[in-house]
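Let's take a friendly walk through this fold together, starting from a helix and moving on to a residue beside it. Have the model open as you read.

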Amino acid sequence: ADKVVAMEGSLPQAFLVNGTRQLVSVQCDLAVHPDYRGRGLSMKLLLRIALEHGLTMSWSNLNSRRVGMGWPGKVSRQRSLSPTSRWGYVRVVPLVKPIDWAYLAHRATGIRLLGNAAAAVAAGARRLRSTLGKTPALPGVEVFQAESFDSRIDDLWHRASREHPVIGVRDQSYLNWRFGARPDASYIRLIATRGSNIIGYLVFRIAEQEGERWGYIVDFLVEANDTSVFELMLLDAEQRMTREGVKGVVCVIAMPPLRGELRRQGFYPAFFRTPAYLGGSVTSPDPDLKVYAEVRKWFVTSGDGDVEMSF
């Protein structure tokens, strides 16, 4: 009747898929009234959105992932509506770089002695790194903070977007809206230039969690996935966050080869008790969109979709 018993919210985001601009439905919040659970309503909502929008994306926890596991079979029964449906996912394993080793060890174990030992090990690692060399420099490349993105970012976007089969649109208009218009969070934008050209950018923010400050690497894009340019921006961001007293720096997701650079810079995989997933589905009959279901081929950061908006 007039009672809401289940809901799913979604938001639209522009992606390039094989070079063509597509509107993706980002599946966000999902809820079913307790009295109406066990009747398949969440699956009906997922199917309705998937079949009507053609392309969907979602960050999910274990419960919503279980619902998604039944998605291919349900869609296969509706082949007349969607004969070429595909669905894929990857497990999301965030990367964390400890800054205050003593705090993190104590938080994880509750044993202060272990925290002090971790702090000593970390201090030794920092001394070793300082003896091996200073922050690397690239001839002609400069990294600086910007208040907004100017028109040169569109040139980077047009060059870099051709390197990925699936990537969220990152032009000047979108980036200034995404990282400038949100009223409850402040973002720091770093830009790397060679001469007058922008060759990469990185966006991070600092958020308070359980009374402590944490740094989050939210979004980035580097021409040709140049790990040396990414390294310069990463180290600059880390220095800025360290001066602000963060306990650690988190990168929720990064695809190769930039994920490998994060590991080389001291970021460690964080396996949580409740796993997280990134999924994508295709119900459009367009054969050029098949690659969208191959989630491992995406270029994606936590700035895509709604996951970073949850804190």
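**From a helix to a buried aspartate**

In this predicted model, helix H7 spans residues 172-180, and its buried residues are Tyr 174, Leu 175, Arg 178 and Phe 179. Looking down the axis of H7, you will find these buried residues within an arc of 100 degrees, so they line one face of the helix.

What lies over the buried residues of H7? The cover includes strand S1 (6-17), helix H6 (152-161), strand S8 (188-194), strand S9 (197-209) and strand S10.

Strand S10 deserves a visit of its own. The strand runs over residues 212-222 and holds Asp 219. Is Asp 219 buried or exposed? With a relative accessibility of 2%, Asp 219 is buried, because buried means under 20%.

Which side chains make polar contacts with the side chain of Asp 219? One is that of Tyr 201, at 2.7 Å, and another is that of Thr 301, at 2.8 Å. Beyond its neighbours within four places in sequence, Asp 219 is in contact with Arg 170, Leu 175, Phe 179, Tyr 201, Leu 202, Val 203 and Thr 301.

Finally, a look at the cysteines. The structure has zero disulfides. Cys 28 is partly exposed, at 26% relative accessible area, whereas Cys 251 is buried, at 1%.

Technical notes:
Residues numbered from 1 in each chain as written. Predicted model: local features only at pLDDT ≥ 70, side-chain atom pairs only at ≥ 80, totals over all residues. Heavy atoms only, no water. Disulfide = S-S within 2.5 Å. Buried < 20%, exposed > 50% of the residue type's maximum accessible area, 1.4 Å probe, protein only. Helix = DSSP H or I, 4+ residues; strand = E, 2+ residues; numbered from the N terminus. Polar contact = N/O pair within 3.5 Å; in protein donor to acceptor, adjacent residues only side chain to side chain. Contact = heavy atoms within 4.5 Å. Arc of directions from axis to C-beta.
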